[in-house]
Amino acid sequence: CQTKQHRSQYQFYSPEMNAQLQERLTLENELYGALERNEIVVYYQPLIDLHTRQVTAVEALIRWQHPTMGLVSPAQFIPIAEANGLIVPIGEWVLRTACAQNRAWQLAGLSAIRISVNLSARQFEQPNLLQVVSQILQETGLEASYLELEVTESLLMVDVERSVKTLKQLRELGIWLALDDFGTGYSSLNYLKRFPFNMLKIDRSFVHDVMSNPDSAAVTDAIIALAKSLRLNITAEGVETQEQLEYLEMRGCDEGQGFYFSPAVPAEKIIQILQQSSQQRETIAA
Ligand code: C2E
Ligand code: MG
Ligand code: MG
Ligand code: MG
């Protein structure tokens, strides 16, 4: 009996866990060099103004085009990149690519929109963040007001004073700031008013069951009300159905993002979406 117990202690990994671990190790090894091999790609997802139904922004979301594993989602490799620090060069590359892309859309005559880029904790901590961001804006010729940076609460709470300072400096450049995944973190209301955000993004977990779960509906309502009282713009993530959209519109949500409108798509496809959006605008103006 004792032997059996003893033996069972060594069964750390089931075969599935082993496969998962193996996959993580493979990804970890191969992530080095992925950027140089041009395997990291930026997809874009539109954000729709719920009042005018036009695209007001697109969020840059990266994927890893792995030679054998196909399109790897950021949920699988961002945590690895965070852990080994590769997120810093990858994040800088995304920022440069996204800003250059937005400038290219403007030069092609499409209506000006914001480009929204996720910042990771590691990037946010870099002492040269401000220089990197201003340098990229200068290099790409993109006006700061067409760039939005998304951060999460957990990242800000590491050092609140320093976060306030960094965010203020970014705001002074003219960049928009969004608090991503709102409602899932600390949601410390006391700190929220100290951070100079322009937007709150309601996490998609609340939007997901807003029609079926009264608690999610209550949280969604409360977040929208909070954003309004702090005069922040409010975006709902993960809008998948007409019913969700109608609910959010009725509650006064400003922007929506989700599969109901479009998933994240390659840059070429976004052009079509932006062209449709500008044409609509012209028709309304005419
Ligand atoms: P996020 O910033 O909250 O981005 C929104 C996520 O929700 C994206 O997942 C998007 O594809 C997904 N989404 C949008 N609409 C819907 C919907 O209607 N239904 C559902 N189920 N999902 C929807 P994605 O692209 O897999 O990215 C996951 C996370 O990875 C992002 O969450 C973000 O935190 C991180 N990420 C992506 N790109 C970058 C990046 O360039 N840098 C950093 N640091 N993080 C990134
Ligand atoms: Mg985001
Ligand atoms: Mg995010
Ligand atoms: Mg989010």
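Select Cys99 first: this residue is buried, with a relative accessible area of 0% (buried means under 20% relative accessible area, exposed over 50%, partly exposed in between, with a 1.4 Å probe and protein chains only). Cys253 is buried too, at a relative accessible area of 1%. The structure holds zero disulfides, a disulfide being a pair of cysteine sulfur atoms within 2.5 Å.

The model is predicted: local features need pLDDT of at least 70, side-chain atom pairs count only at pLDDT 80 or more, and totals for chains, interfaces and linings use all residues. Residues are numbered from 1 along each chain as its sequence is written, chains are lettered from A and ligands numbered from 1 in the order in which they are written, and side-chain values use heavy atoms, with hydrogens and water left out.

**The core**

Select Leu31, Tyr44, Trp105 and Leu147. Of the 75 residues in the largest nonpolar core, these four touch the most other members. Such a core is a set of buried Ala, Val, Leu, Ile, Met, Phe, Trp, Tyr and Cys residues joined through side-chain atoms within 4.5 Å. Helix H4 gives the most to this core, with eight residues. Helices (H or I, at least four residues) and strands (E, at least two) are DSSP runs, numbered from the N terminus.

Keep Trp105 on screen and show its contacts (heavy atoms within 4.5 Å). Leaving aside neighbours within four places in sequence, Trp105 touches Tyr44, Val58, Leu110, Ile113 and Ile115, and also Ala267, Ile270, Ile271 and Leu274.

**Strand S2 and its partners**

Next, select S2, residues 55–66. S2 is largely enclosed by the rest of the structure, because 10 of its 12 residues are buried. Strands are taken as paired if DSSP finds at least two bridges between them.

- S1 and S2 run antiparallel and are joined by nine bridges. In their hairpin, which has five residues between the strands, Arg53 takes a positive phi near 65 degrees.
- S2 and S3 also run antiparallel, with three bridges. They form a hairpin with three residues between them, and the bridge partner of Trp64 in S3 is Val72.
- S2 and S4 run parallel, joined by four bridges.

Now centre on Glu59 in S2. Gln45 stands opposite Glu59, and in S4 the bridge partner of Glu59 is Ser116.

**The magnesium ions**

Which protein donors surround the magnesium ion (ligand 2)? They are Glu59 (OE), Asn118 (OD1), Glu150 (OE) and Asp180 (OD), lying 1.9 to 2.5 Å from the ion. Donors are N, O and S atoms within 2.8 Å of the metal (3.2 Å for Na, K and Ca); water is not among the atoms, so sites may look incomplete. Along the chain, the donors of ligand 2 follow the spacing E-x58-N-x31-E-x29-D.

Ligands 2 and 3 are 3.1 Å apart, and Asn118 coordinates both. Asn118 counts as partly exposed, at 30% relative accessibility, whereas Asp180 is buried, with a relative accessible area of 5%.

Ligand 4 is the next stop. Asp180 bridges the magnesium ions of ligand 4 and ligand 2, which lie 4.0 Å apart. Asp181 is partly exposed, with a relative accessible area of 24%.

**Helix H3**

Finish on helix H3, residues 74–84, where Phe77, Ile80 and Ala81 are buried. These residues lie on the same side of H3, because they cover an arc of only 100 degrees around the axis (the arc of the directions from the helix axis to the C-beta atoms). An α-helix has 3.6 residues a turn, so residues three or four places apart point the same way.

What do the buried residues of H3 pack against? They pack against helices H2 (15–31) and H4 (87–107), and against strands S1 (40–49), S2 (55–66) and S3 (70–72). Turn the view to the face of H3 directed away from the buried side: it carries the exposed residues Ala75 and Ala83. H3 is followed by Gly85, whose phi is positive, near 85 degrees.
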